[in-house]
Amino acid sequence: QGGAVALIESLGHDVSETAWPVDEGFTQDFLVLWASGAYQSVAATARALGRRPERSLFEPFTLSLVELVVKSPKDTYPNAIRRLNQAMAAYDAWLQRFDLILSPVLGSPPPPLGYVAGDVPFDTLIERLTPFVGYTPLHNVVGAPAMSVPLHWTADELPVGVQFAARAGGEGLLFQLAYQLEAARPWSHRRPPVFAT
């Protein structure tokens, strides 16, 4: 993060600290939204097949999300959506003070294979995913554009993304910054030891 801040300041941008505009309850509300998407996917598959689909068609994590929906009180989803709408309003107000938001993309460097796999026990996987992906859900809920720029690399030569996010409709500003950053610190030639094309 520090290297990214120094880089963009060297390019003439002003940087100031801010607090995330949502509280910890946002994560739980996002999980409810995510679970409802899994529930709808399984229900759509059942309709397409004309019968209940075999459990083997879905990852255990997806089925656990469905179970979460089934076991939740009936007002869980509407209450979560109401609070997520409040988060959208908070985001819009937040972005009135800034052009872009700079944060990590993920809470840690890339984990070992299997660490966040779909067959990890549900409670363990949620504990791992919450701090790992905590910077991206807000932009997903709001529908605001964000980009991951590989401005940092680990000692093992794995890329670490820095996230820049804008208000809804702010893609042009992100593209301008992406061109500027790539000219200042090119990354297209960099490859981790193992990669796919």
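Reply: Glu-157 is partly exposed, with a relative accessible area of 33%. On this scale, buried means under 20% relative accessible area, exposed means over 50%, and partly exposed is what lies in between (1.4 Å probe, protein chains only). This is a predicted model, in which local features need pLDDT of at least 70 and side-chain atom pairs count only at pLDDT 80 or more, while totals for chains, interfaces and linings use all residues. Residues are numbered from 1 along each chain as its sequence is written, and side-chain values use heavy atoms, with hydrogens and water left out.

Glu-157 forms a salt bridge with Arg-190, and their closest N and O atoms are 2.8 Å apart. Glu-157 lies in the loop between strand 2 and strand 3, and Arg-190 in the segment after helix 7 (171-184), so the pair ties together parts that are 33 residues apart in sequence. A salt bridge here is a side-chain nitrogen of Lys or Arg within 4 Å of a carboxyl oxygen of Asp or Glu. Helices (H or I, at least four residues) and strands (E, at least two) are DSSP runs, numbered from the N terminus. Arg-190 is partly exposed as well, at 28% relative accessible area.

Strand 2 (residues 146-153) pairs with strand 3 in the antiparallel sense over six bridges; two strands pair if DSSP finds at least two bridges between them. Ser-148, for instance, has Gln-163 in strand 3 as its bridge partner. Strand 3 (residues 159-165) is also joined to strand 1 (residues 101-104), again antiparallel, by four bridges. There, Pro-104 has Val-162 as its partner.

The count of salt bridges comes to four. In another of them, the side chains of Arg-83 and Asp-29 meet at 2.7 Å, N to O. Arg-83 is in helix 4 and Asp-29 in helix 2, so this pair ties together parts 54 residues apart in sequence. Arg-83 is partly exposed at 34% relative accessibility, whereas Asp-29 is buried at 6%. Lys-71 and Glu-67 also form a salt bridge, with closest N and O atoms 2.8 Å apart. These two are four residues apart in helix 3, which means that about one helical turn separates them. Lys-71 is exposed at 64%, and Glu-67 is partly exposed at 40%.

Next comes the nonpolar interior. A nonpolar core is a set of buried Ala, Val, Leu, Ile, Met, Phe, Trp, Tyr and Cys residues joined through side-chain atoms within 4.5 Å. The largest one has 15 residues, and those with the most contacts inside it are Phe-26, Tyr-91, Trp-94, Ile-101 and Leu-138. Helix 2, helix 4 (76-94) and helix 6 (137-142) each supply at least two residues of this core, and helix 4 gives the most, with four. Leaving aside neighbours within four places in sequence, Tyr-91 is in contact with residues including Pro-21, Leu-138 and Ala-165; contact means heavy atoms within 4.5 Å.

Aromatic rings are a separate search, which finds eight pairs in the whole structure. The centres of the Trp-20 and Trp-94 rings are 5.3 Å apart and their planes lie at 75°, so this pair is edge-to-face. The rule covers rings of Phe, Tyr and Trp (its six-membered ring) with centres within 6.5 Å; planes under 30 degrees apart count as stacked, over 60 as edge-to-face and the rest as tilted. Trp-20 is partly exposed at 28%, while Trp-94 is buried at 3%. Ring pairs also link Phe-26, Phe-30, Trp-34, Phe-61 and Phe-122 into a cluster.

Phe-122 leads on to helix 5 (residues 122-132), where the buried residues are Phe-122, Leu-125, Ile-126, Leu-129 and Phe-132. They cover an arc of only 135° around the axis, which puts them on the same side of helix 5; the arc is that of the directions from the helix axis to the C-beta atoms. Asp-123, Glu-127 and Pro-131 are exposed on the other side. Helix 2 (25-49) and helix 3 (60-71) are among the parts that cover the buried residues of helix 5.
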